[in-house]
Amino acid sequence: MPKLLRNLTGLIGFFLLWEAAVRSGLVPEVFLPPPSEVLVTTVELLSQELFLRDVIATLLAWAIALLISIGIAVPLGLVLGNVAWLRAATRAIVEFLRPIPSVALIPLVLLVVGGGPEAKIALAVYAAVWPILFNAIYALGEIDPVLLDTARACGTNRRQLLTSVALPHAAPFVFTGIRMSAAVALIVVVSVEYVAGAASGLGKFILEVSSSGMRMDQVLAGTVIAGLIGYLINEGLERTGKRLFRWNEATGRTT
Amino acid sequence: MLEVSGLNHRYGQGERAHVAVRELSFSVEAGELACIVGPSGCGKSTLLRCIAGLIPPTEGSVRLHDDEVTGVPDDLAVVFQDYSRSLFPWLTVAKNVEFPLRWKKIGKRERAQRAQEALDAVGLAGVGTKFPWQLSGGMQQRVSIARALASRPALLLMDEPFASVDAQTRFDLEDLLRRVQREQQSTILLVTHDIDESVYLGDRVLVLSSSPASIVADLTIDLPADRDQIATRESARFVALRGEVARLLQGKQGQPGTATDEAERELTASPGDVPH
Amino acid sequence: MLEVSGLNHRYGQGERAHVAVRELSFSVEAGELACIVGPSGCGKSTLLRCIAGLIPPTEGSVRLHDDEVTGVPDDLAVVFQDYSRSLFPWLTVAKNVEFPLRWKKIGKRERAQRAQEALDAVGLAGVGTKFPWQLSGGMQQRVSIARALASRPALLLMDEPFASVDAQTRFDLEDLLRRVQREQQSTILLVTHDIDESVYLGDRVLVLSSSPASIVADLTIDLPADRDQIATRESARFVALRGEVARLLQGKQGQPGTATDEAERELTASPGDVPH
Amino acid sequence: GLLGGSEEASDSGNGDLEKSKITVSVMPTIDLAPLHLANRNGYFEDEGLTVETVNAPNGQASLTKLINGEVDIAYGSYTAFFIAQSKGAADFKFVSDASSAGPKSTMIVTKADSPIKNVQDLAGKRIAVTSENTTSDVLTKSLMKTNGVDFSDVEWVFLPFPDMPNALQRGNIDAAFMTEPFITSAAKTVGAVPMFDTATGPTKDFPTAGYASQAKFAQENPKVVAAFQRAMDRATRESEDRSKIEPLMVEFAKVDKEIAAMTELLTFQSKLDASRLQRVADLLLEFGGLPKRMDAGSMIAQPAAD
Amino acid sequence: MTSGATNWLVFAGAVACWELAARLAGSVFFPPPTDIVATAVRLWFSGPASQLFLTDTVFDDVLPSLGRCLGGWAVAVVLGTGLGTALGRSRTGMDYVGPLFAFFRAIPPPTLVPVFMVLFGLGPGMQVATIIFGAVWPILLNTVDGVRSVDSVKADTARSFRTPAPYWIGLVVLPAALPKIFAGLRLSLSISLILMVVSELIGSFAGIGHQLISTQQNFDFPMMWSWIVLLGILGYGLNGVLLTVERRVLRWQPTRNDDV
Ligand SMILES: Nc1ncnc2c1ncn2[C@@H]1O[C@H](COP(=O)(O)OP(=O)(O)OP(=O)(O)O)[C@@H](O)[C@H]1O
Ligand SMILES: Nc1ncnc2c1ncn2[C@@H]1O[C@H](COP(=O)(O)OP(=O)(O)OP(=O)(O)O)[C@@H](O)[C@H]1O
Ligand SMILES: [Mg+2]
Ligand SMILES: [Mg+2]
């Protein structure tokens, strides 16, 4: 399958570059071990049950956070994208809240919901809502007016317009938002585990091995795993998207 | 049934405003099929949009069954001029046709069947499972006609619905439309550029002036209700009427028969060539 | 100049494949205006796309000046059937028309002037600063014609270019096209559904069968090169030719009246309704 | 569960204690060895206590867990406790001491070829400490002050310990305050040289970290506090045997085995001493970390008498 | 009409609720907005007249941070749109680098900070690198998406005129993709702000993020809230500027004109 081959070419190229940089002494090996070493560590880690538990904890938190974000952002985006006055009225609050970094909110979230998995889920939801929300609002602004008129002339009421025209039209772009959010949510979950600590999780693992000092290979192995998970998630979503939105590929519709 | 009075529509505001429709008044009886002809860009589509309640008129009013139209009225269907943009690309052809039935209390089975019938009627049996972008232009246009018919509207607005189909199909569709009008007692407003078509199809022909649209003439077509593509088009009355419409379009409503100038001659060019 | 041989085009693959064009061969001389007529959905647009090099044919070849067309050839312009989607909404009308001139070695001044001329020619003087979506359907269609003309192409492909304009404007545009053909020695391939138009405009008329398209007849229009909307259409030869094209479209070329198979019957559904 | 949340166990008093199960927030540092030892060897169980540990990445997170009630007892550095108390974030009571700076366990480290040869050379340099108003911050300032060095134009760089060796190597910083085991590992990896012991003179045996609970907890559970202290005492005494500590360092603080063997240990403590703790508060006050003087003695929990 | 007024009315209402709730709860962690504003004024606007009443911290922390944020974002914009356009138009380009990007995109920037420290050392280099690294993805992804969604008829039109690549990109692809690119730009702008904070978490001695962390560690809640609010204000302001630009650039869109 040539596409898979091309996929691998990119990844392998990057790892070779990294290896070369370390081997040539461009970067000190103690701080940035070469991928050959990191990959060995990665494989080792993957056979440890404790580590796998960390990974699973992270993945579960991620999945929950993403689902919640979709549940919040898609309807909200549809409503805000459709109702101009509501969009205007909430813009100040939304634009004000959005750039507040989730890391800045960590201490507050810890205080309010405690340091359990709820904290990382809450923060991940907070961060993952925006890409979906914004892509939804944008996509709605792009609907072909003729299409909207058509639906209205068919006796479609506002709510139905939302579900039967706005949603399918926006779906491909919202899906891009979901893909971005999936990455963001994973980042935040791992980051919160890393910055704020957790009972288990990939971020916690990275924190533990990094705070002990010189285990950069394990730190990077953890990071590589985070990246790999992200890659797999993205790949899965992309394939789903291609299948779901064949019509979009074929027409490339914009107005 | 439909009463348009003092209708004005202006696009934009201030200096760059463009008046598309000016002081338009007419009414259409229930069950009537009125054709609208007028030069390109005169404001026909704008008029239809106002009637459909899709854009609010700047001045004047549209009344349907004595109620002022403010939103989109019930029991209405529109065939847009921009047919390819008015089909939902994510729905199959059949689902597109079913679309207006979704909100009606119609069982799934019947919905599918009605869509199928409508597609058959426009000569598109067998493409129901395709997507609109897999169809040719004329087929897409017929899908949007089928969609309008499937909803069995009381008022049907059609904006150049047959522009992209071949002559034969066009004749078939014209006859289909008159049949639907008779059987379902629909009121139909149809914009066309084809003078013959307007006379053949219509119970009335409204001739609009060039931009901004206002009514030049409101012609009653006194042809028999039962029409035939050959016989009707051959009849002397038909030929006379189409000459009249053509003359009116040229802005010579006053003195019929005195057609002298170049422009007029061009239009009424070949009375012998009418498809009989 | 243009030689199409053994052209086949199939959309999709495997079971759901749809053959749109089958074994099509013909050639067009330089400076010729060939009209293509054929039932809706028969594959005319597909054929034009293949010739324009926009889609590669599944089989067969298109040769232009003896070179096989693989990409889009130089000095080509296309007027798409979907005119409204082919205009760039972010460019004003004038900029849309100037579009193909942007990368030619033409001064800014002259570019603007050429665009202006082209717009004038299609009767759209004064809308240059508007955006396409501020125009009516027919006006948009004329903008896309103006754009094609402004680039003064050696080969001009037009897909139902006059479908949305009123009768008068249509006549004007037809004459404009013949003038352009003569003056610029352009080769023009034009798809139309109007049989009269095909005969009036063309030096040749290619009649296509219903889907998948293959050539039913290749008619040379032996009318004088100088044509006139009145005189030409009145001439006996014109009437004979259009009758011939209509008959050919009905699939009666070989054995009139023996149409038997299902597919064919569908097309000729209402024999009584055939014009003439 | 799999998510890594803690399951709440229903908890009724056991025997004499008000509570039989407590949670303690910990960090992956080596001075927690006695706690892990006590857990491992069942000293808490002997007292009728079950201690569950919860990881916190840093002192602030550890304190937050205490404040929001997630844990009963938090491990943290004294500076953090004092500052949080002074801001009114919570009312803390210390329930056990943990460690104080031993000889050579809190050092200013430089590169081998560094021009910094004595404390005076530190003036105006880029020095890494973990953060403002932390033990590392006040100890470094104190060292300089004691030696009469003006630290007003020092460029403070705030770095976590693990990142210090790299910054030192690259020349991003001139010197760094480090604790064990980072001193040893930095020496090993980048050839860093421990130059000055910050825990000398007025800061000798400077208390670094301890365990605290909220005042309310200490008040309501005096017996638990006493039990906790007893177990910690026992473990701390045993920690003097280095061989018992090293494997725990490898396991809990994820320290390399080799480095663990070479590490200078902090002094493990368990007995809370008001006058020693007061030194932390005073030093913080001196360097502007506290708005007003605080009484360390009043922050020591009063456990139930045996 | 007065959509601006309603806009702020809702906002003011939210703030009033917060004030009320905070006063009622009386928690040190959630000071009422009035306290925060008072702290903020003291923090930033109590400087000498010669500095326009701005305090040193504005010049030492706020402006440099903002500079890094905008600088990093600007680079991300150039990289993201450039690369995104190239990849969006290329049939196989994304096959090569897509997985790599997905891989990078999923790496949490905080865990990468140590790696960037190794590569770029401490200071602005590392911070800007972190910002670029995080902010480039939404732009890139949205650009690829936008570029790929050029209407097929428009694409064919351009091809039929043999539009040379620069014109094709400049006159067709980018305008078509612009609405989506702007969605990416807005998203990445707020990510830049976030990463500005993250990148200052370690190894810095000044900056908004540094101040935020140090107030957190010092349990100085009114101050911490002041910084959080500042981030909100900055985000709001920058977004407003971007929105204005967007309105101008996308003026041609029919729906937008009606929307104003
Ligand atoms: N959205 C708009 N904004 C500004 N002007 C518009 C808009 N839509 C249409 N117009 C203008 O209004 C006039 C009438 O347009 P309309 O579409 O109603 O014409 P029409 O009669 O349907 O023409 P055609 O037969 O070509 O479709 C035209 O001159 C057009 O330029
Ligand atoms: N993208 C596509 N995918 C699959 N099938 C297609 C596609 N485009 C066209 N077809 C099919 O190919 C056939 C020919 O289409 P084409 O557009 O060439 O017809 P046409 O002759 O231009 O018709 P019209 O006069 O209605 O425009 C049709 O049956 C149509 O369904
Ligand atoms: Mg119109
Ligand atoms: Mg076609």
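How many salt bridges does the rule find across the interface of domain 1 of chain B and domain 2 of chain B? Zero, with a salt bridge taken as a side-chain nitrogen of Lys or Arg within 4 Å of a carboxyl oxygen of Asp or Glu.

This is a predicted model, where local features need pLDDT of at least 70, side-chain atom pairs count only at pLDDT 80 or more, and totals for chains, interfaces and linings use all residues. Residues are numbered from 1 along each chain as its sequence is written, chains are lettered from A and ligands numbered from 1 in the order in which they are written, and side-chain values use heavy atoms, leaving out hydrogens and water.

In contact (heavy atoms within 4.5 Å) are 17 residues from domain 1 of chain B and 12 residues from domain 2 of chain B.

Between them, the two domains of chain B bury about 1000 Å², with 65% of it on carbon and sulfur atoms; buried area here is the accessible area (1.4 Å probe) lost on putting two parts together, summed over both. On the domain 1 side, Pro153(B), Ser164(B) and Leu176(B) lose the most area, together 37% of what that side buries.

As for polar contacts, the rule turns up four residue pairs across this interface, both residues at pLDDT 80 or more. Such a contact is a pair of N or O atoms within 3.5 Å; within protein, one must be able to donate a hydrogen and the other to accept it, and residues adjacent in sequence count only if both atoms are side-chain atoms.
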